[in-house]
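Please keep the coordinates open while reading.

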Amino acid sequence: MKKIFVTSGMLCSILTLSQTKKDSTTQKEIKEVVLVGKKPTVENKVDRTVFNVANSSILAGNTTWEVLKMTPLISVENDETLKSEGENVTVYINDRKSVFTGKELKEYLKTIPADNLMKIEVITNPSARYESAGSVINIVLKKLENEGVKGSVSLSNTQNKKNSQYSNFNLNYHKKNFTQTLSGGYSNGEYIYRSTNENYIYANKSLTNVITDSNNLNKVPTFSSTSELELDSKNNIGLILEYFQYKYNNNANAVGSNYLDTVFQNSFTQNQSTNGDHKSIGSNVFYKYYDKVKNKIFDVNLGVNYYNEESNNEFILSQEIAPVSSGSKIVSDNQNRNYYLKLDYTQPFEKSGINLEMGGKIDFKNNVIPNDYYLLNQNNWNLDHSKSNRFQYLENLNSVYTNLSKTFFKKLETRIGLRYEYIHYKIMQNVGSIEKTNSYGTWLPDILLKYTLTENFNISTFYNRGIWRPYYAEFNPFLMPNSNGTYSQGNMDLQPNPSNRVELKFGLYKKYYISTSYMFSNQDYWNTFYINDGKTIDIPINFNGAVKKYNVNFNTNQTFLKNKLNVNLSINYSYTDNSDFYAKNNIINAKNYFSNIGGSSNISYTNLLNKNININAWIGIFNQHSGNSFANNTMLFHNISATKIFPKSQIETSLRLSNIFMSPKFDRTTFTEIGSFRNSNIWDARGISLTFVKRFGNQKVKENSKTNVEKDSGGSKN
């Protein structure tokens, strides 16, 4: 309302001055008045929390991965896995689902400079359009819209215990109805990790302690191209090409000790040397029809993704009780192919006020993991055919969805969605000539309601049913040695995990937001351990039993000092009831009930002392109890950055200090029916970064996303 009065006052003043100018003999030129509306750093909508990072000092010297770690409602487990409200998430980039997960996703996001970011959306209440059982993270990149050539080049150097460098370029050309964007980057880094493991077996009271020091070298070149042609005012076609490569060399040295009922037995050392080359090539051809007058949209996306990883792992084990060192080497050449066709259609009906969304996707995957196993014999590597294996996973996942949304009485927004997914997959392995097939269909409904009581108070509720399916590599039964002396393998019998979630959210004065949610499931698959032939093996297994989880989240975004100082605060609390689950699975010594407390705060100051200096500080505190694993300490992250902008030369320099007061430490114990397994990790997270950015051309941007109709909606649309 205040903005309306200010705008009206300015317009009236201009009209009055214009009239006076006609009647006066002395005429004065009136300067153009430009009104700029600045979005808050964090916006809360009924279905998502939006982190507006464009032109923010939080981007200084960071990659997209680092900014995600600072995003409200997001935490990172063991510096590798993204989570929201303690659950795994699905990542989209410009509304396109990423093909990467886990460590692969982390390395890919580290290649996208934060300077490209427009905003990050944490969609806690996704509609039926999204292929996700939990929350969705949608990364929205900038898109330069003005004519001509423009872009940027940046150079960054980070000094932790070791040194790493990163450089990238962005080039954009727009002429009439054609837009071409090119971007690329190259990073070269060395990173140090230390992990400590304590494996305790109840039956014989045996304890194994292992300390592992790792040194990881990697080189990552990346390149992407987006070509878009506007056929007319309603029809667009385009092509997206992406290339990502991750070359790595890791050396890990482990020292272990074995105890029996607290009595020392023997010690051992294990040296692991791993090198590999991971390449990914993606392509997406798209067509979009968009009638801006009627808000009618039709999207067609056809994509092909291919990625492979060649790796060589050597393990040398030396024990006090063995006179000769034993060793194994595993050579792999993983090849994964993905083909998909996706259709999305949006049609508003003005008379009824109903907005219809519908679409579907056909998705094929062909993943092959061959592992050749070699044994060390008199300093020679000999192929062992009995332990070598070739694993293949074939999948066809077809889905259709529809969303209906409508606003009643100008106060009640509604959205009802239904998604149906049908999957057919086949698992094959050479050893034992095992072949398994499975297929099933799943209905996934969701409903969202938002009621605006007053201008300063609204309430919303949301329900959805989701399903988590195992990742293809989790099916692979090949026994893989770990750097700490244990082993890991997948499980061909894994089943999906369905879940239900209900959320209630309150908005007060457009600044304070409180959300509560309840999630329950009667089945889950978590990692556990078993002993076979003297080996301790980590494996995912389905567990029956009820799991109930309650969440409360508070978020506020405040601005002070004429919008120069921005403060965002997010506090999370969760309570989990695992009592039924533990009783049915004979898990002892674990807590039947546990809670997580965490939160983050981001403080930024723009144009300090009117010297074009931006300051940003962030702190995050996370407690990571999850499933049958419990945190032994609270993780603390923090960083401080300052950016100096030189407007005339379009140069920026940034200095960032990361975790300078305390290095974060991941420390968690997993309880199973056979024993407890503690793992703690410290990684090279404390350091200083210096970044230089040179821009050229007109840098005016807009969101590189589907439509304003989709993005401006609060909840009745997506």
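In this predicted model, ring pairs join Tyr518, Phe520, Tyr550, Tyr575 and Tyr593 into a cluster. A pair of aromatic rings is described by the distance of the centres and the angle of the planes. With a limit of 6.5 Å between ring centres, the count of aromatic pairs comes to 24. For Phe594 and Phe630, the ring centres are 5.0 Å apart and the planes stand at 85°, so this pair is classed as edge-to-face, given that angles over 60 degrees fall in that class. Phe594 belongs to strand 30 (residues 593-605) while Phe630 belongs to strand 32 (residues 629-631), and the pair therefore ties together parts that lie 36 residues apart in sequence. Both partners are covered by the protein: Phe594 is buried, with a relative accessible area of 6%, and Phe630 is likewise buried, with a value of 4%.

| Lysine | Ring | Distance from the ring centre |
|---|---|---|
| Lys329 | Tyr374 | 5.1 Å |
| Lys361 | Tyr340 | 4.9 Å |

Lys329 lies over the face of Tyr374, and the charged end of Lys361 is placed over the ring of Tyr340.

Leaving aside residues up to four places away in sequence, Phe244 touches Phe100, Glu107, Tyr108, Thr111, Val220, Pro221, Thr222, His278, Lys279 and Ser280. Tyr108, one of these, is 136 residues from Phe244 along the chain, yet the C-alpha atoms of the two are separated by 7.3 Å.

Which residues of helix 3 are buried? They are Glu104, Leu105, Lys106, Glu107, Tyr108 and Leu109, and because these make up six of the eight residues of the helix, which spans residues 102-109, helix 3 is largely enclosed by the rest of the structure.

Turning to the backbone, two residues other than glycine have a positive phi. Asp95, with phi near 70°, lies in the loop between strand 6 (90-93) and strand 7 (96-97), and at 9% relative accessibility Asp95 counts as buried. Asn295, with phi near 55°, lies in the loop between strand 15 (263-291) and strand 16 (296-319), and at 26% relative accessibility Asn295 counts as partly exposed.

At the level of the whole chain, there are five helices and 38 strands. The radius of gyration is 27 Å, close to the 27 Å that the globule rule gives for 718 residues, so the chain is as compact as a globular protein of that length. Taken along the principal axes, the C-alpha atoms fill a box of roughly 105 × 55 × 45 Å. Of the 718 residues, 49% are buried, and the chain exposes about 34,000 Å², with carbon and sulfur atoms supplying 57% of that area. Among contacts between residues at least 6 apart in sequence, 65% join residues at least 24 apart.

Notes
Residues are numbered from 1 along each chain as its sequence is written. This is a predicted model: local features need pLDDT of at least 70, side-chain atom pairs count only at pLDDT 80 or more; totals for chains, interfaces and linings use all residues. Side-chain values use heavy atoms; hydrogens and water are left out. Rings of Phe, Tyr and Trp (its six-membered ring) pair if their centres lie within 6.5 Å; planes under 30 degrees apart count as stacked, over 60 as edge-to-face and the rest as tilted. Helices (H or I, at least four residues) and strands (E, at least two) are DSSP runs, numbered from the N terminus. Buried means under 20% relative accessible area, exposed over 50%, partly exposed in between (1.4 Å probe, protein chains only). A charge sits over a ring if NZ of Lys or CZ of Arg is within 6 Å of the ring centre and within 35 degrees of the ring normal. The radius of gyration is taken over C-alpha atoms; the globule rule is 2.2 Å times the number of residues to the power 0.38. Contact means heavy atoms within 4.5 Å. Accessible areas come from the Shrake-Rupley method with a 1.4 Å probe; for residues, only the protein chains shown count as cover.
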